[in-house]
Amino acid sequence: MKKRIGIYHYQYYRGACKLCYRHFIQEMVESYEKCHEVAEEIYGKENCEFLHYTDFGQYDSENTDRPSFRRIMEAIEKKELDVVMCYGLNNITINEELLIKFYKYVRSQGMEFLTADHGRDAMKYIDIYIKKNNL
(Lines give C-alpha, C1' and ligand atoms only; values in the text may rest on other atoms or scores of the structure.)
Protein backbone atom coordinates (compact mmCIF):
# COMPACT_ATOMS: atom_id res chain seq x y z
CA MET A 1 0.00 0.00 0.00
CA LYS A 2 1.33 3.42 -0.95
CA LYS A 3 2.23 6.00 1.67
CA ARG A 4 0.16 9.13 1.19
CA ILE A 5 2.67 11.90 1.78
CA GLY A 6 1.42 15.43 2.24
CA ILE A 7 4.18 17.91 1.49
CA TYR A 8 3.63 21.39 2.83
CA HIS A 9 5.54 24.35 1.46
CA TYR A 10 5.23 27.99 2.39
CA GLN A 11 6.98 30.59 0.25
CA TYR A 12 6.75 34.21 1.20
CA TYR A 13 6.48 36.33 -1.93
CA ARG A 14 6.72 40.07 -1.58
CA GLY A 15 5.62 41.04 -5.08
CA ALA A 16 9.15 41.63 -6.29
CA CYS A 17 10.45 41.77 -9.85
CA LYS A 18 9.96 38.99 -12.40
CA LEU A 19 13.48 37.70 -11.85
CA CYS A 20 12.82 37.39 -8.09
CA TYR A 21 9.50 35.70 -8.81
CA ARG A 22 11.29 33.09 -10.95
CA HIS A 23 13.78 32.59 -8.14
CA PHE A 24 10.97 31.96 -5.62
CA ILE A 25 9.29 29.47 -7.97
CA GLN A 26 12.60 27.69 -8.57
CA GLU A 27 13.14 27.42 -4.79
CA MET A 28 9.71 25.83 -4.43
CA VAL A 29 10.38 23.31 -7.19
CA GLU A 30 13.75 22.40 -5.71
CA SER A 31 12.31 21.95 -2.23
CA TYR A 32 9.55 19.66 -3.56
CA GLU A 33 12.11 17.65 -5.52
CA LYS A 34 14.22 17.23 -2.39
CA CYS A 35 11.16 16.14 -0.38
CA HIS A 36 10.28 13.57 -3.06
CA GLU A 37 13.86 12.30 -3.10
CA VAL A 38 14.03 11.86 0.69
CA ALA A 39 10.60 10.20 0.93
CA GLU A 40 11.43 7.83 -1.94
CA GLU A 41 14.69 6.86 -0.19
CA ILE A 42 12.74 6.04 2.98
CA TYR A 43 9.66 4.32 1.56
CA GLY A 44 10.71 3.32 -1.96
CA LYS A 45 9.75 5.18 -5.12
CA GLU A 46 6.88 2.86 -5.96
CA ASN A 47 5.41 3.22 -2.46
CA CYS A 48 4.90 6.99 -2.46
CA GLU A 49 1.87 9.02 -3.40
CA PHE A 50 2.51 12.76 -3.06
CA LEU A 51 -0.04 15.43 -2.29
CA HIS A 52 1.18 19.02 -2.41
CA TYR A 53 0.03 21.88 -0.24
CA THR A 54 1.56 25.23 -1.12
CA ASP A 55 1.01 28.69 0.25
CA PHE A 56 2.65 31.32 -1.90
CA GLY A 57 2.10 34.92 -1.02
CA GLN A 58 2.26 37.47 1.72
CA TYR A 59 1.24 35.34 4.67
CA ASP A 60 2.62 35.88 8.12
CA SER A 61 5.16 33.16 8.92
CA GLU A 62 4.48 33.60 12.63
CA ASN A 63 1.06 31.97 12.38
CA THR A 64 -0.57 29.17 10.44
CA ASP A 65 -3.63 30.98 9.07
CA ARG A 66 -2.88 30.16 5.43
CA PRO A 67 -5.20 28.46 2.90
CA SER A 68 -3.09 25.41 2.08
CA PHE A 69 -2.04 24.98 5.68
CA ARG A 70 -5.72 24.76 6.61
CA ARG A 71 -6.16 22.20 3.79
CA ILE A 72 -3.35 19.99 5.07
CA MET A 73 -4.77 20.22 8.60
CA GLU A 74 -8.13 19.02 7.25
CA ALA A 75 -6.40 16.14 5.45
CA ILE A 76 -4.63 15.20 8.70
CA GLU A 77 -7.89 15.35 10.64
CA LYS A 78 -9.63 13.15 8.05
CA LYS A 79 -6.64 10.75 8.10
CA GLU A 80 -6.13 11.20 4.37
CA LEU A 81 -2.35 11.20 4.88
CA ASP A 82 0.16 8.77 6.34
CA VAL A 83 3.09 11.17 6.39
CA VAL A 84 3.42 14.94 6.70
CA MET A 85 6.56 16.43 5.24
CA CYS A 86 8.15 19.80 4.66
CA TYR A 87 11.53 20.99 3.48
CA GLY A 88 12.41 22.58 6.80
CA LEU A 89 10.57 23.34 10.00
CA ASN A 90 10.32 27.04 9.15
CA ASN A 91 7.98 26.05 6.29
CA ILE A 92 5.38 25.25 8.92
CA THR A 93 5.92 28.34 11.08
CA ILE A 94 8.68 30.21 12.85
CA ASN A 95 6.53 30.33 15.99
CA GLU A 96 7.88 27.61 18.31
CA GLU A 97 4.62 27.14 20.20
CA LEU A 98 2.60 26.66 16.99
CA LEU A 99 5.23 24.34 15.53
CA ILE A 100 5.23 22.10 18.60
CA LYS A 101 1.42 22.10 18.68
CA PHE A 102 1.32 21.12 14.99
CA TYR A 103 3.91 18.38 15.48
CA LYS A 104 2.12 16.91 18.48
CA TYR A 105 -1.15 16.90 16.55
CA VAL A 106 0.41 15.10 13.56
CA ARG A 107 1.92 12.47 15.86
CA SER A 108 -1.32 12.07 17.84
CA GLN A 109 -3.00 11.12 14.55
CA GLY A 110 -0.50 8.28 14.10
CA MET A 111 1.36 9.98 11.26
CA GLU A 112 5.04 10.39 10.67
CA PHE A 113 6.58 13.83 10.29
CA LEU A 114 9.59 14.22 8.00
CA THR A 115 11.72 17.05 6.77
CA ALA A 116 13.85 17.04 3.65
CA ASP A 117 16.91 18.07 5.60
CA HIS A 118 16.55 15.48 8.41
CA GLY A 119 14.21 12.75 7.12
CA ARG A 120 12.81 10.66 9.97
CA ASP A 121 15.38 12.13 12.35
CA ALA A 122 13.24 15.28 12.45
CA MET A 123 10.84 13.44 14.76
CA LYS A 124 13.69 12.35 17.00
CA TYR A 125 15.09 15.87 17.24
CA ILE A 126 11.70 17.43 17.97
CA ASP A 127 10.90 14.76 20.57
CA ILE A 128 14.22 15.46 22.33
CA TYR A 129 13.53 19.19 22.23
CA ILE A 130 10.03 18.72 23.67
CA LYS A 131 11.30 16.49 26.46
CA LYS A 132 14.27 18.72 27.30
CA ASN A 133 12.05 21.80 27.53
CA ASN A 134 9.07 20.08 29.19
CA LEU A 135 6.71 21.15 26.40
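**Entry 1: Asn 91**

I started with Asn 91, which is buried at a relative accessible area of 7%. The model is a predicted one, and I read every value below with that in mind. Buried stands for under 20% relative accessible area, so the 7% of Asn 91 falls in that class. I placed Asn 91 in the loop between β3 and α3.

Next I looked up what the side chain of Asn 91 reaches. It comes to 3.1 Å from the backbone oxygen of Tyr 10. Setting aside residues up to four places away in sequence, I listed Tyr 8, His 9, Tyr 10, Arg 66 and Cys 86 as the residues that Asn 91 touches.

**Entry 2: the sheet**

I then turned to the strands. In what order do the four strands of the open sheet stand? I read the order as β2-β1-β3-β4, with parallel pairing. The edges are taken by β2 (48–57) and β4 (112–115); each has a single partner strand, so one side of each is left without a neighbour in the sheet. On average, neighbouring strands here are turned by 20 degrees against each other, direction ignored.

I went through the pairings one by one.

- β1 (residues 3–12) runs parallel to β2, and ten bridges join the two. In this pair I found Gly 6 of the chain opposite Leu 51 in β2.
- β1 and β3 are paired in the parallel sense over four bridges. Here Ile 5 has Val 83 in β3 as its bridge partner.
- β3 and β4 run parallel and are joined by four bridges. Cys 86 stands opposite Thr 115 in β4.

**Entry 3: the two sides of β3**

Which residues of β3 point one way, and which the other way? Val 83 and Met 85 point one way, Val 84 and Cys 86 the other way, and all are buried. I noted the general rule beside this: side chains of a regular strand alternate between the two faces of the sheet. Cys 86 had already come up in my list of residues touched by Asn 91.

**Entry 4: helix α3 on the sheet**

Helix α3 (residues 96–108) does, touching β3 (83–86) and β4. The direction of α3 makes about 130 degrees with that of β4.

**Entry 5: helix α4**

Helix α4 (residues 121–132) has twelve residues. From its first C-alpha to its last I read 16 Å, close to the 16 Å expected at 1.5 Å a residue.

Which residues of α4 are buried? I wrote down Ala 122, Met 123, Ile 126 and Ile 130. Looking down the axis of α4, I found these buried residues within an arc of 95 degrees, so they line one face of the helix. Their cover includes α3 and β4. On the other side of α4, Lys 131 and Lys 132 are exposed.

**Entry 6: positive phi**

I looked up two residues for their backbone angles. Asn 134 is not a glycine, yet its phi is positive, about 50 degrees. I found Asn 134 in the segment after α4. With 72% relative accessibility, Asn 134 counts as exposed.

Lys 79 is not a glycine either, and its phi is positive at about 60 degrees. It sits in the loop between α2 and β3. Is Lys 79 buried, exposed or partly exposed? At a relative accessible area of 44%, Lys 79 is partly exposed.

**Entry 7: Ser 61 and Ile 94**

I found Ser 61 in the loop between β2 and α2 (67–77). Its C-alpha atom is separated by 6.0 Å from that of Ile 94, although the two are 33 residues apart along the chain. Leaving out neighbours within four places in sequence, I listed Tyr 10, Arg 66, Thr 93, Ile 94 and Asn 95 as the contacts of Ser 61. Tyr 10 and Arg 66 are also among the residues that Asn 91 touches.

**Entry 8: Tyr 21**

Last I looked at Tyr 21, which has its place in helix α1 (residues 18–43). Tyr 21 is partly exposed, with a relative accessible area of 35%. Not counting residues up to four places away in sequence, Tyr 21 touches Tyr 13 and Phe 56.

Notes: Residues numbered from 1 in each chain as written. Predicted model: local features only at pLDDT ≥ 70, side-chain atom pairs only at ≥ 80, totals over all residues. Heavy atoms only, no water. Pairing = 2+ DSSP bridges. Axes fitted to C-alpha atoms, helices over the stretch in contact; angles between N-to-C directions. Contact = heavy atoms within 4.5 Å. Expected span 1.5 Å × (residues − 1). Buried < 20%, exposed > 50% of the residue type's maximum accessible area, 1.4 Å probe, protein only. Arc of directions from axis to C-beta. Polar contact = N/O pair within 3.5 Å; in protein donor to acceptor, adjacent residues only side chain to side chain.
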